[in-house]
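Take a walk through the structure below.

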Amino acid sequence: MEKTYLMIKPDGVQRGLIGRIVSRFEDKGFKLVAAKLITITEEQAKRHYAEHVGKDFFPGLVSFITSGPVFAMVWEGDDVIALSRLLIGKTKVGEALPGTIRGDFASHTPLNLIHGSDSPESAAREIANFFAPEELNDYKKDIGAWI
Ligand code: RTP
Ligand code: MG
(Lines give C-alpha, C1' and ligand atoms only; values in the text may rest on other atoms or scores of the structure.)
(Ligands and ions follow the chains in the order given, each with its own letter.)
Protein backbone atom coordinates (compact mmCIF):
# COMPACT_ATOMS: atom_id res chain seq x y z
CA MET A 1 0.00 0.00 0.00
CA GLU A 2 1.30 3.47 -0.90
CA LYS A 3 2.61 5.74 1.86
CA THR A 4 3.15 9.50 1.97
CA TYR A 5 4.88 11.95 4.30
CA LEU A 6 2.67 14.81 5.46
CA MET A 7 3.89 17.59 7.75
CA ILE A 8 1.85 20.34 9.34
CA LYS A 9 4.23 23.28 9.21
CA PRO A 10 4.95 25.67 12.13
CA ASP A 11 2.17 28.05 11.01
CA GLY A 12 -0.42 25.26 11.18
CA VAL A 13 0.76 24.18 14.64
CA GLN A 14 0.79 27.78 15.94
CA ARG A 15 -2.71 28.43 14.60
CA GLY A 16 -4.14 25.36 16.31
CA LEU A 17 -5.08 23.62 13.07
CA ILE A 18 -3.59 20.17 13.75
CA GLY A 19 -6.91 18.56 14.59
CA ARG A 20 -8.85 20.00 11.68
CA ILE A 21 -6.12 19.17 9.18
CA VAL A 22 -5.72 15.60 10.47
CA SER A 23 -9.52 15.20 10.22
CA ARG A 24 -9.44 15.85 6.47
CA PHE A 25 -7.23 12.82 5.91
CA GLU A 26 -9.23 10.68 8.34
CA ASP A 27 -12.44 11.77 6.61
CA LYS A 28 -11.01 10.76 3.25
CA GLY A 29 -10.45 7.25 4.59
CA PHE A 30 -6.66 7.17 4.71
CA LYS A 31 -4.83 5.28 7.46
CA LEU A 32 -2.54 7.09 9.91
CA VAL A 33 0.64 5.06 10.26
CA ALA A 34 2.83 7.38 12.38
CA ALA A 35 2.68 10.87 13.90
CA LYS A 36 4.74 13.06 16.22
CA LEU A 37 5.24 16.71 17.17
CA ILE A 38 8.91 17.58 16.58
CA THR A 39 11.17 20.57 16.06
CA ILE A 40 13.22 19.56 13.06
CA THR A 41 16.95 20.21 12.78
CA GLU A 42 18.55 22.42 10.15
CA GLU A 43 20.13 19.28 8.66
CA GLN A 44 16.73 17.57 8.36
CA ALA A 45 15.24 20.72 6.83
CA LYS A 46 18.00 20.99 4.23
CA ARG A 47 17.64 17.30 3.32
CA HIS A 48 13.87 17.69 3.13
CA TYR A 49 14.01 20.68 0.79
CA ALA A 50 17.17 19.57 -1.10
CA GLU A 51 15.43 20.18 -4.45
CA HIS A 52 15.22 23.89 -3.61
CA VAL A 53 18.90 24.43 -2.66
CA GLY A 54 20.20 27.55 -4.40
CA LYS A 55 16.79 29.20 -4.92
CA ASP A 56 16.32 32.66 -3.47
CA PHE A 57 13.64 31.49 -1.03
CA PHE A 58 15.68 28.53 0.32
CA PRO A 59 17.25 30.24 3.39
CA GLY A 60 13.86 31.68 4.42
CA LEU A 61 12.21 28.30 3.88
CA VAL A 62 14.74 26.51 6.13
CA SER A 63 14.43 29.12 8.85
CA PHE A 64 10.60 28.99 8.69
CA ILE A 65 10.36 25.20 8.84
CA THR A 66 12.79 25.01 11.79
CA SER A 67 11.19 27.96 13.66
CA GLY A 68 8.94 25.81 15.83
CA PRO A 69 7.35 22.39 16.10
CA VAL A 70 5.88 20.63 13.10
CA PHE A 71 3.43 17.73 13.19
CA ALA A 72 5.11 14.96 11.19
CA MET A 73 2.94 12.14 9.86
CA VAL A 74 2.95 9.08 7.63
CA TRP A 75 -0.34 8.13 5.95
CA GLU A 76 -1.21 5.11 3.88
CA GLY A 77 -3.82 4.43 1.21
CA ASP A 78 -4.54 3.86 -2.48
CA ASP A 79 -2.96 6.70 -4.45
CA VAL A 80 -2.42 8.55 -1.16
CA ILE A 81 0.47 10.66 -2.55
CA ALA A 82 -1.51 12.32 -5.35
CA LEU A 83 -4.82 12.44 -3.48
CA SER A 84 -3.19 14.10 -0.46
CA ARG A 85 -1.80 16.83 -2.68
CA LEU A 86 -5.30 17.36 -4.08
CA LEU A 87 -6.66 17.74 -0.55
CA ILE A 88 -3.78 20.10 0.32
CA GLY A 89 -4.23 22.40 -2.69
CA LYS A 90 -1.82 24.53 -4.71
CA THR A 91 1.37 26.03 -3.27
CA LYS A 92 0.38 29.67 -3.88
CA VAL A 93 -2.60 30.83 -1.84
CA GLY A 94 -3.99 32.69 -4.85
CA GLU A 95 -4.27 29.39 -6.72
CA ALA A 96 -5.41 27.13 -3.85
CA LEU A 97 -9.10 26.40 -4.39
CA PRO A 98 -11.70 26.65 -1.62
CA GLY A 99 -12.33 23.16 -0.28
CA THR A 100 -8.61 22.40 -0.12
CA ILE A 101 -6.68 22.82 3.13
CA ARG A 102 -4.61 25.69 1.78
CA GLY A 103 -7.64 27.19 0.01
CA ASP A 104 -9.68 27.18 3.20
CA PHE A 105 -7.04 28.15 5.78
CA ALA A 106 -3.96 29.75 4.18
CA SER A 107 -3.94 33.42 3.28
CA HIS A 108 -0.28 34.33 2.73
CA THR A 109 2.23 32.47 0.54
CA PRO A 110 4.53 30.83 1.59
CA LEU A 111 2.74 30.17 4.90
CA ASN A 112 0.80 27.29 3.42
CA LEU A 113 0.30 25.11 6.49
CA ILE A 114 1.18 21.65 5.27
CA HIS A 115 3.65 19.68 3.17
CA GLY A 116 2.85 16.56 1.16
CA SER A 117 5.29 14.32 -0.74
CA ASP A 118 5.14 14.77 -4.52
CA SER A 119 6.25 11.28 -5.70
CA PRO A 120 6.93 7.77 -4.37
CA GLU A 121 10.68 8.53 -4.39
CA SER A 122 10.18 11.73 -2.39
CA ALA A 123 7.87 9.93 0.04
CA ALA A 124 10.41 7.20 0.77
CA ARG A 125 13.22 9.72 1.25
CA GLU A 126 11.12 12.05 3.41
CA ILE A 127 9.72 9.28 5.63
CA ALA A 128 13.29 8.05 6.26
CA ASN A 129 14.40 11.61 7.07
CA PHE A 130 11.91 11.94 9.93
CA PHE A 131 10.95 8.44 11.13
CA ALA A 132 12.80 5.29 12.15
CA PRO A 133 11.31 2.15 10.57
CA GLU A 134 10.06 0.91 13.97
CA GLU A 135 7.98 4.07 14.40
CA LEU A 136 5.69 3.03 11.53
CA ASN A 137 2.67 1.12 12.84
CA ASP A 138 1.59 -1.94 10.94
CA TYR A 139 -2.10 -2.53 11.68
CA LYS A 140 -5.38 -3.25 9.97
CA LYS A 141 -7.95 -0.46 9.63
CA ASP A 142 -11.15 -2.22 8.85
CA ILE A 143 -13.18 0.26 6.79
CA GLY A 144 -11.63 -0.60 3.45
CA ALA A 145 -14.69 -2.40 2.15
CA TRP A 146 -16.96 0.58 2.86
CA ILE A 147 -15.30 3.48 1.06
P1 RTP B 1 5.69 21.55 0.03
O2 RTP B 1 6.93 20.95 -0.61
O3 RTP B 1 6.00 22.36 1.25
O4 RTP B 1 4.62 20.54 0.23
O5 RTP B 1 5.05 22.58 -0.98
P6 RTP B 1 4.81 22.39 -2.52
O7 RTP B 1 5.26 21.04 -2.98
O8 RTP B 1 3.41 22.78 -2.80
O9 RTP B 1 5.76 23.51 -3.10
P10 RTP B 1 7.31 23.45 -3.47
O11 RTP B 1 7.46 23.96 -4.85
O12 RTP B 1 7.91 22.11 -3.14
O13 RTP B 1 7.92 24.52 -2.49
C14 RTP B 1 8.22 24.19 -1.16
C15 RTP B 1 7.83 25.31 -0.23
O16 RTP B 1 8.71 26.41 -0.42
C17 RTP B 1 8.00 27.60 -0.21
N18 RTP B 1 8.08 28.40 -1.41
N19 RTP B 1 8.29 29.67 -1.38
N20 RTP B 1 8.72 32.33 -2.09
C21 RTP B 1 8.50 31.44 -3.05
O22 RTP B 1 8.47 31.72 -4.21
C23 RTP B 1 8.30 30.08 -2.64
N24 RTP B 1 8.12 29.06 -3.46
C25 RTP B 1 7.99 27.97 -2.67
C26 RTP B 1 6.56 27.25 0.11
O27 RTP B 1 6.42 27.20 1.53
C28 RTP B 1 6.43 25.87 -0.45
O29 RTP B 1 5.43 25.15 0.21
MG1 MG C 1 7.18 20.24 -2.55
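**A helix pair, the fold and some residues**

In this predicted model, helix H2 (residues 18–28) packs against helix H5 (residues 80–88) at an angle of about 130°. Their axes are 11 Å apart. Angles over 145 degrees would count as roughly antiparallel, and 65 to 115 as roughly perpendicular. H2 and H5 are therefore oblique to each other. Their crossing is right-handed. Which residues make the contact? H2 brings Arg24, Phe25 and Lys28, and H5 brings Leu83, Ser84 and Leu87. By class, that contact has three nonpolar, two charged and one polar residue.

Now step back to the whole chain. How many helices and strands does the protein have? There are seven helices and four strands. Along the sequence they follow the pattern β-α-α-β-α-α-β-α-α-β-α.

Next, the overall dimensions. The C-alpha atoms fill a box of roughly 45 × 35 × 25 Å along the principal axes. A compact globule of 147 residues would have a radius of gyration near 15 Å. The protein has 15 Å, which agrees. Of the 147 residues, 31% count as buried. Consider the contacts with a sequence separation of 6 or more: residues 24 or more positions apart account for 73% of them.

His115 sits in strand E4 (residues 114–116). Is His115 buried or exposed? The cut-off for buried is 20 or more other C-beta atoms within 10 Å. His115 has 21 C-beta neighbours inside 10 Å, so it counts as buried. Leaving aside residues up to four places away in sequence, His115 touches Leu6, Met7 and Lys9. Take Lys9 from that list. His115 and Lys9 are 106 residues apart in sequence, yet their C-alpha atoms are 7.1 Å apart in space.

Compare another pair. Glu43 lies in helix H3 (residues 42–48). From Glu43 to Ile8 there are 35 residues in sequence and 18 Å in space, C-alpha to C-alpha. Glu43 has 10 other C-beta atoms within 10 Å, so it is exposed.

Then turn to the backbone itself. Where is the cis peptide bond? It joins Thr109 and Pro110, with omega about 5°. Pro110 is placed in the loop between helix H6 (101–105) and E4.

The loop between H6 and E4 also holds Leu113. Leu113 is not a glycine, but its phi is positive, about 75°. Around Leu113 there are 23 other C-beta atoms within 10 Å, so this residue is buried.

Asp79 also has a positive phi, about 55°, although it is not a glycine. Where does Asp79 lie? Asp79 is in the loop between strand E3 (70–76) and H5. Asp79 has 10 C-beta neighbours inside 10 Å, and so counts as exposed.

Technical notes: Residues numbered from 1 in each chain as written. Chains lettered and ligands numbered in written order. Predicted model: local features only at pLDDT ≥ 70, side-chain atom pairs only at ≥ 80, totals over all residues. Axes fitted to C-alpha atoms, helices over the stretch in contact; angles between N-to-C directions. Helix = DSSP H or I, 4+ residues; strand = E, 2+ residues; numbered from the N terminus. Parallel < 35°, antiparallel > 145°, perpendicular 65-115°, else oblique. Left-handed = near helix turned anticlockwise from the far one by under 90°. Contact = placed C-beta atoms within 7 Å. Nonpolar A, V, L, I, M, F, W, Y, C, P; charged D, E, K, R; others polar. Rg over C-alpha atoms; globule rule 2.2 N^0.38 Å. Buried ≥ 20, exposed ≤ 12 C-beta atoms within 10 Å, placed from the backbone.
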